[in-house]
Each structure stands twice: as structure tokens, then as C-alpha cells.
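Me: I am new to this structure and would like to go through it by question and answer. Please show it before we start.

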Amino acid sequence: MRPPLPLLLTLLSAAPLAAQDTPALAVIKSGSEAEFRGLHVAGDVIWASGSGGRYAVSTDGGASWRADSIPGAGGMFLVDVHGFGTAGSDARRAVVVATRFEGGEARIYVTDDGGASWRQVWRLAHPDVFLDGLAFFDDRRGFAFSDPVDGAFLVLRTEDGGETWTRVDALPPPLEGEAAFAASGTNAVALASGHGWFATGGGAAARVFGTGDFGITWSVAETPLPGGASAGLFGIAFADSLHGIAVGGDYREPQRAGPNLLRTTDGGVTWALAGSTEPPGVKYGVAWRGEWMVAPAPAGTSYSIDGGRTWRPLTSTSYNTAAFAADVTLWLAGVNGGLAKVTLPPAERDADRR
């Protein structure tokens with residue numbers, strides 16, 4: 001589904017916590033003016049992708065960045081990106097999914113040399129196509145998905161690291177108006193166990209599609225979060241095959257208070273409302289690592305360290321997406337080439353927080 005329009009940046013502010021407990025945020029210059037919605041971190045290799053076929057990449061943990069664009073993709077929005085590793089040739093390999101903002105065409109590109117060159121490995125011209133997200137179970141197997149095409153969600157599978165893609169048959173049918181929101185690149189998630197999920201909106205209710213066999217077959221679960229033309233789920237994250245969180249809202253009312261969080265403890269079979277964040281309003285994405293949950297949004301990024309029960313503001317700056325590094329480092333990306341590195345303080349964790 002066509003992503004929501006970017007909102008104006010607001011001034012940066014830190015969470016009102018004691019200094020020793022406050023996440024430390026540093027704004028980074030990417031060298032790009034793109035609106036970033038795709039973000040992936042693998043060790044010291046960080047990829048951000050966005051509007052105008054543009055991307056930025058760092059191979060030294062964010063100390064330096066190279067910004068560029070994919071030749072011939074100036075009319076495409078690179079809605080999501082996946083980098084493959086931290087060393088050798090894997091550190092230079094990435095896959096991006098690209099969609100025309102106005103719809104009608106989608107592509108998948110691959111680079112093996114850190115973005116020096118790109119190959120188009122998949123393309124579809126169709127009035128309905130709009131690639132929304134991308135996720136990999138491991139270095140070989142992954143999936144990408146689009147809004148419904150010819151009356152059915154378009155899900156693509158790869159088993160060779162993104163070189164070739166095949167369409168999955170027999171998905172559950174979409175609801176009237178159902179699609180997905182390509183706001184953050186976090187609307188799809190996959191685990192090494194073969195479990196994967198993608199989140200939707202647009203219809204009467206937000207739903208979550210799930211797989212347990214590396215994307216071969218899919219089921220769907222209705223959630224208690226309302227849907228609508230501009231409302232539903234925007235991001236989803238799982239700690240393991242059972243415990244997950246999903247976020248959303250209505251992008252046309254970005255600061256309206258109301259439920260915007262869901263949790264599952266049974267692998268996405270059922271979902272329950274889990275309250276709302278501070279600040280309130282629509283959440284464009286979510287990232288989960290250990291005790292930390294982070295939800296970027298146009299009204300400001302929130303974080304939780306108690307399994308999503310309570311949330312605190314991290315920054316009032318508008319960011320679209322978030323991704324964790326392997327240590328206590330979080331990356332945020334958003335409009336105008338905006339990037340931020342957040343160093344997280346230690347947080348206690350107990351079994352009840354899931």
C-alpha cells in the first residue's frame with residue numbers, strides 16, 4: 001500500500017530519566033536527503049534504503065557512510081533492505097525491494113559489491129503490485145510480499161539468497177480493501193526456525209499472516225486492532241517463535257490516543273491489545289532485542305523495557321524505522337536522510353516481561 005506521507009521533523013528531546021539511565025542518542029549525517037524506510041544492521045554493516053532509489057551504507061559500525069542510488073531506479077522507493085553478513089563477501093551483499101510510489105511496478109535488486117553495482121533480479125508491472133516488505137530466515141531463504149495482485153496477496157519466496165523468486169500459491173484471501181503499509185520495513189519478520197509473519201491493515205480489521213515452514217504455506221489471524229483505509233498494523237517483531245508484538249494505528253491521525261499495541265504468546269495464533277505508548281499515536285514500526293522494545297513514529301520514538309507494558313519517549317524527532325545491532329546499540333532512520341545511533345543502558349530483565 002502507498003506509504004503515508006512524511007511529516008515534518010520536530011526538535012530532538014531525550015527521555016526524562018535520570019542521566020545514568022537515559023539512552024544516549026547521537027544524530028548521524030548519512031550524506032543523503034532520501035526518506036529512509038528500510039534499515040538493516042548486521043554487525044558493523046548497516047544499510048538504509050528509501051526514496052528516489054537511494055540508499056546509504058556503512059561498513060564500520062556507522063563511523064562513516066556512503067550514500068548513492070541504484071541506476072535506473074530513480075522513480076522507485078526502496079521500501080526495505082536486507083544485508084547478509086559481517087565479513088568477507090557477505091558483508092558486501094544486500095537485497096532491496098523497490099516499488100513505485102504511485103503503484104504499478106515493483107522490482108527486487110541485489111548487490112554483491114557493497115552497492116558499486118546492482119542487478120535487477122525480479123520485476124512485475126501490474127496495476128495492483130506494491131511490494132511492502134522483505135525478511136530472511138537465513139542467508140538463503142526469505143520472503144517478500146506485496147499488496148493483493150489479482151485478488152490475492154503476492155508473496156514471493158527465495159531459496160538462493162535473493163537471486164531468484166517464486167510466487168507462493170493458495171494464501172488466505174484478503175479482506176475487502178486489505179493491504180499493507182510500507183512505512184518502516186518492519187511489517188515482515190522471519191526467524192531461523194522457519195517461522196515468519198507479515199502484518200496488514202486497510203480492511204475491517206488488522207490481521208497477521210504467519211508461516212512455520214519457511215514461507216511455503218501461510219495462515220492468517222484476525223487481531224482486535226481496527227483497520228481502515230489508513231489504519232491497521234505497520235510493524236511486527238518476535239523474540240522467538242511464540243512471543244511477538246505488533247504496532248500500528250491510523251497514519252491520517254498520527255497523534256490520536258488509542259490502542260496501538262498488540263501482543264501474542266502463541267506464535268501469532270491469537271493477539272491481545274496491550275495498551276498504548278507514550279507519546280500516543282500511530283507507530284510506523286517496531287524492533288525488539290532482549291529486554292528492549294522500540295517503536296518509531298512521526299510523533300516520536302517510544303521504548304519499553306518491561307515487555308511492552310509501559311513505554312517512555314526516546315525522542316520527539318520523527319523516525320520511520322529502527323533496528324538493533326548485536327550489542328546495546330540501536331539505529332533509527334527517517335526523513336531527510338536522518339539517522340541516529342542510540343546507546344542503551346543496561347536494563348534488568350525477568351521472565352515475567354515476556
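Me: Is Phe181 buried or exposed in this predicted model?
Reply: The model is predicted, so the value is computed from its coordinates. Buried means under 20% relative accessible area. Phe181 has 0% relative accessibility, so Phe181 counts as buried.

Me: Which parts of the chain does the pair of Phe181 and Phe234 tie together, and how many residues apart are they in sequence?
Reply: Phe181 and Phe234 form a stacked aromatic pair, with 4.4 Å centre to centre and 10° between the planes. Phe181 lies in the loop between β13 and β14, and Phe234 lies in strand β18. The pair therefore ties together parts whose separation in sequence is 53 residues.

Me: Is Phe234 buried or exposed?
Reply: The cut-off for buried is under 20% relative accessible area. Phe234 is at 0% relative accessibility, so Phe234 is buried.

Me: What kind of aromatic pair do Phe238 and Trp271 form?
Reply: Phe238 is in strand β18 and Trp271 in the loop between β20 and β21, 33 residues apart. Both Phe238 and Trp271 are buried. Their rings are 6.0 Å apart centre to centre, and planes over 60 degrees apart count as edge-to-face. With 90° between the planes, the pair is edge-to-face.

Me: Which strands stand at the edges of the sheet that contains β18?
Reply: The sheet is open and antiparallel, with the order β18-β19-β20-β21. A strand with a single partner has one side left without a neighbour in the sheet, so the edge strands are β18 and β21.

Me: What is the bridge partner of Ala237 in β19?
Reply: β18 and β19 pair in the antiparallel sense over seven bridges. In β19, which covers residues 244-250, the partner of Ala237 is Ile245.

Me: Which backbone oxygen does the side chain of Thr223 reach?
Reply: Thr223 is in strand β17 and is buried, with a relative accessible area of 5%. Its side chain reaches the backbone nitrogen of Leu225 at 3.2 Å. At 2.8 Å, the side chain of Thr223 also reaches the backbone oxygen of Ala206.

Me: Which residues have the most contacts inside the largest nonpolar core?
Reply: This core has 20 residues. The elements that give two or more residues to the core include β7, β8 and β12. The residues with the most contacts inside the core are Val95, Ile108, Trp122 and Trp165.

Me: Where does pLDDT stay under 50?
Reply: The mean pLDDT of the protein is 90, and 91% of its residues reach 70 or more. Stretches where pLDDT stays under 50 include residues 6-20 and residues 348-354.

Terms used
Residues are numbered from 1 along each chain as its sequence is written. This is a predicted model: local features need pLDDT of at least 70, side-chain atom pairs count only at pLDDT 80 or more; totals for chains, interfaces and linings use all residues. Side-chain values use heavy atoms; hydrogens and water are left out. Two strands pair if DSSP finds at least two bridges between them. Helices (H or I, at least four residues) and strands (E, at least two) are DSSP runs, numbered from the N terminus. A nonpolar core is a set of buried Ala, Val, Leu, Ile, Met, Phe, Trp, Tyr and Cys residues joined through side-chain atoms within 4.5 Å. Buried means under 20% relative accessible area, exposed over 50%, partly exposed in between (1.4 Å probe, protein chains only). A polar contact is a pair of N or O atoms within 3.5 Å; within protein, one must be able to donate a hydrogen and the other to accept it, and residues adjacent in sequence count only if both atoms are side-chain atoms. pLDDT is the predictor's confidence in each residue, from 0 to 100. Contact means heavy atoms within 4.5 Å. Rings of Phe, Tyr and Trp (its six-membered ring) pair if their centres lie within 6.5 Å; planes under 30 degrees apart count as stacked, over 60 as edge-to-face and the rest as tilted.
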